[in-house]
Amino acid sequence: MFSRKPHGDVKKSTQKVLDPKKDVLTRLKHLRALLDILERSELKQFFEINYSQIYFIFFENLCTLESSLKQKGNKSQREELDSILFVFEKILQLLPEKINNRWQFHSIGSILKKLLHTGNSVKIRCEGIRLFLLWLQALQENSSDEQLTLFACLVPGFPAVSSRIGPCTLDTLINPSYNISDVKVAAEDITPLLPSVLGEKISEDQTSYILQIVLKYMVIQAASLEWKNKEKQESGFKFLFAL
């Protein structure tokens, strides 16, 4: 079934990924190893069989790291974030059928809002845009009005987008303002995952820069989704350009 690397490496890493007694960081390490070892078709099969455990490993590591980033945010933690987001990307690419059925819909949406937060570094915001577009291409017609409005608000400097709740920007969508008398429990504010720092290089024309990023990923990513029905790749591409 498995190829490219010795069978023992695959078996060892697979056992450790699926062992609930192992800590989530160890399980993540071996999941990353499998991503390097297995062929794409083999990875899809592995993800489809073990999707629940894989998402748990990703989510728990992200939550742990998020807490650490707020306290320190050093280089090693930023590299760890890259590793965790790589697993997130593979979840979106290898499980498009489940994503299309709104699997982990609210959890994924909340994570992407953290990545899209305008207080993040530009690198993280661009990564958020890339992953958000993958999510939309998997969701397609099962996207909600909120996702479609988020898409319309990705590029800064454009006019506020009209919606059923009034004019919207990326900031107001990520952290809506509520009338306290209208809600019993207010949602916790979404904060930047990796805030921008003083001296960070930023394009003078943010509107043009982000627009180019959006258009680039709209074009190049559709083929990276591993659909069983290959026609879904084309429909995902068309879906974004029809918005």
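Axes are lines fitted to C-alpha atoms, for helices over the stretch in contact, and the angles between them run from 0 to 180 degrees between N-to-C directions. With that in hand, the axes of helix 5 and helix 7 come within 13 Å and cross at roughly 135°. The model is predicted.

**Helix 5 with helix 7**

- Two packed helices are described by the angle between their axes and the distance between the axes.
- Angles of 65 to 115 degrees count as roughly perpendicular and those over 145 as roughly antiparallel, so helix 5 and helix 7 are oblique to each other.
- Their crossing is left-handed.
- Helix 5 contributes L85, F88 and L92 to this contact, and helix 7 contributes I108, I111, L112 and L115.
- By class, the contact of helix 5 with helix 7 has seven nonpolar residues, no polar residues and no charged residues.

**Helix 5 with helix 8**

- The axes of helix 5 and helix 8 come within 9 Å and cross at roughly 15°.
- Angles under 35 degrees count as roughly parallel, and helix 5 and helix 8 are therefore roughly parallel to each other.
- The crossing of helix 5 and helix 8 is left-handed.
- On the helix 5 side, the residues in contact are L81, D82, L85, F88, E89, L92 and Q93.
- On the helix 8 side, they are K123, I124, E127, R130, L131, L134 and W135.
- Eight of the residues in the contact of helix 5 with helix 8 are nonpolar, one is polar and five are charged.

**Helix 5 with helix 3**

- Helix 3 spans residues 40-49 and helix 5 spans residues 75-94; their axes come within 10 Å and cross at roughly 90°.
- That angle makes helix 3 roughly perpendicular to helix 5.
- R40, L43, K44 and F47 of helix 3 meet K90, I91, Q93 and L94 of helix 5.
- Sorted by class, the contact of helix 3 with helix 5 holds four nonpolar residues, one polar residue and three charged residues.

**The nonpolar core**

- In soluble globular proteins, nonpolar side chains tend to be buried together.
- The largest nonpolar core here has 69 residues, and F47, F88, F132 and L133 touch the most other members.
- Helix 8 (residues 122-139) supplies the largest share of this core, with twelve residues.
- Leaving out residues up to four places away in sequence, F132 touches L112, L116, Q147, L150, F151 and L154.

- The cut-off for buried is under 20% relative accessible area.
- Beyond residues up to four places away in sequence, W103 touches Y51, Y55, I91, L95, K98 and I108.
- R102 is in this loop too, and at 37% relative accessibility R102 counts as partly exposed.
- Q104, also found in the loop between helix 6 and helix 7, counts as partly exposed at 31% relative accessibility.
- Most residues other than glycine have a negative phi.
- R102 has a positive phi, near 65°, and Q104 has a positive phi of about 50° although Q104 is not a glycine.

**The loop between helix 7 and helix 8**

- S121 lies in the loop between helix 7 and helix 8.
- S121 has a relative accessible area of 9% and is therefore buried.
- Apart from neighbours within four places in sequence, S121 is in contact with L194, P195, S196 and E200.

- W103 and L139 are 36 residues apart in sequence, with 9.7 Å between their C-alpha atoms.
- K114 is found in helix 7; K114 and S144 are 30 residues apart along the chain, and their C-alpha atoms are separated by 18 Å.
- K114 touches E66, N120, I190, T191, P192 and L193, not counting residues up to four places away in sequence.
- Q15 is found in helix 1 (residues 7-17), and with a relative accessible area of 48% Q15 is partly exposed.
- Q15 and T169 are 154 residues apart in sequence and 45 Å apart in space, C-alpha to C-alpha.

Technical notes:
Residues are numbered from 1 along each chain as its sequence is written. This is a predicted model: local features need pLDDT of at least 70, side-chain atom pairs count only at pLDDT 80 or more; totals for chains, interfaces and linings use all residues. Side-chain values use heavy atoms; hydrogens and water are left out. Helices (H or I, at least four residues) and strands (E, at least two) are DSSP runs, numbered from the N terminus. Contact means heavy atoms within 4.5 Å. Ala, Val, Leu, Ile, Met, Phe, Trp, Tyr, Cys and Pro count as nonpolar, Asp, Glu, Lys and Arg as charged, and the others, Gly among them, as polar. A nonpolar core is a set of buried Ala, Val, Leu, Ile, Met, Phe, Trp, Tyr and Cys residues joined through side-chain atoms within 4.5 Å. Buried means under 20% relative accessible area, exposed over 50%, partly exposed in between (1.4 Å probe, protein chains only). A crossing is left-handed if the near helix is turned anticlockwise from the far one by less than a right angle, and right-handed if clockwise.
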